[in-house]
Amino acid sequence: MSRILVIEDQSQVRSVILTVLRAKGYDVVGANNGVSGLKMFDESHFDLAIVDLYMPGVDGVKVIKELRSRRPDLPILAISGVLLGDSNHTALDFFPSAAGLSDITCLKKPFKASQLLVAVEKAGNFSSLGAMARN
């Protein structure tokens with residue numbers, strides 16, 4: 001079973017992500033900030049991390065860099081809904097050209113459950129059959 005770490009400070013968003021992924025058979029653990037997420041990562045094995053970019057304290061980009069320093073091959077799904085200035089862009093739009101972030105799968109909030117599942121499968125290179133097929 002694939003194990004996923006979700007680092008998201010908004011409790012409602014985190015809860016929805018956990019519920020959707022558990023319903024698909026993933027083993028999912030949630031953290032409400034970057035510090036606790038990194039601690040959980042150090043204490044267990046994960047096949048994928050879902051990281052919100054804008055969190056108080058340690059922001060998502062710093063969390064992603066820390067995760068990658070600890071495990072360079074870790075698949076990561078970055079999520080954000082914060083628009084930059086008056087544009088229709090988020091920081092996710094700049095990941096493809098950013099050093100060390102170009103291979104990260106990105107998903108803009110708000111998203112549907114189906115979009116989340118597709119992004120998780122893409123980021124983790126998981127089968128579209130869902131997590132239950134890996135039991």
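Reader: Over which residues does pLDDT stay under 50, and how many contacts beyond four places in sequence does the model have for them?

Author: The quantity pLDDT is the predictor's confidence in each residue, on a scale from 0 to 100. In this case pLDDT stays under 50 over residues 129-135, and the model has 13 contacts beyond four places in sequence for that stretch; a contact means heavy atoms within 4.5 Å. The protein as a whole averages a pLDDT of 87, and 82% of the residues score at least 70. The model is a predicted one, in which local features need pLDDT of at least 70 and side-chain atom pairs count only at pLDDT 80 or more, while totals for chains, interfaces and linings use all residues. Residues are numbered from 1 along each chain as its sequence is written, and side-chain values use heavy atoms, with hydrogens and water left out.

Reader: How many helices and strands make up the secondary structure, and in what order do the elements run?

Author: Helices (H or I, at least four residues) and strands (E, at least two) are DSSP runs, numbered from the N terminus. Here there are four helices and five strands, and the order from the N terminus on is β-α-β-α-β-α-β-β-α. Of the contacts with a separation of 6 or more, 67% are accounted for by residues 24 or more positions apart.

Reader: What percentage of the residues count as buried, and how much area does the protein expose?

Author: Buried means under 20% relative accessible area, exposed means over 50%, and partly exposed lies in between (1.4 Å probe, protein chains only). By this criterion 45% of the 135 residues count as buried. Accessible areas come from the Shrake-Rupley method with a 1.4 Å probe, and for residues only the protein chains shown count as cover. The protein exposes about 7000 Å², of which carbon and sulfur atoms supply 54%.

Reader: Which residues of helix α2 are buried, and which exposed residues does the opposite face carry?

Author: One examines the directions from the helix axis to the C-beta atoms, which define the arc. In α2 (residues 34-43), the buried residues are Gly34, Gly37, Leu38 and Phe41. Viewed down the axis, these buried residues fall within an arc of 95°, so they line one face of the helix. Their cover includes β1 (3-7), β2 (27-31) and α3 (60-70). The face turned away from the buried side carries the exposed residues Val35, Lys39 and Glu43. At the start of α2, a side-chain oxygen of Asn33 comes to within 3.1 Å of the backbone nitrogen of Val35.

Reader: How many salt bridges does a search of the whole structure find?

Author: A salt bridge is a side-chain nitrogen of Lys or Arg within 4 Å of a carboxyl oxygen of Asp or Glu. The search finds eight. One of them joins the side chains of Lys39 and Glu43 (3.8 Å, N to O). These two residues are four apart in α2 and are therefore separated by about one helical turn.

Reader: Where is Gly124 placed, and which residues does Gly124 touch?

Author: Gly124 is in helix α4. Leaving aside residues up to four places away in sequence, Gly124 touches Leu48 and Pro75. Its relative accessibility is 13%, so Gly124 counts as buried. The C-alpha atoms of Gly124 and Ile4 are 9.3 Å apart, although the residues are 120 apart along the chain.

Reader: Is Ser80 buried or exposed?

Author: Ser80, found in strand β4 (residues 76-80), counts as buried at 0% relative accessibility. The C-alpha atoms of Ser80 and Val51 are separated by 8.6 Å, and the two residues are 29 apart along the chain.

Notes. Polar contact = N/O pair within 3.5 Å; in protein donor to acceptor, adjacent residues only side chain to side chain.
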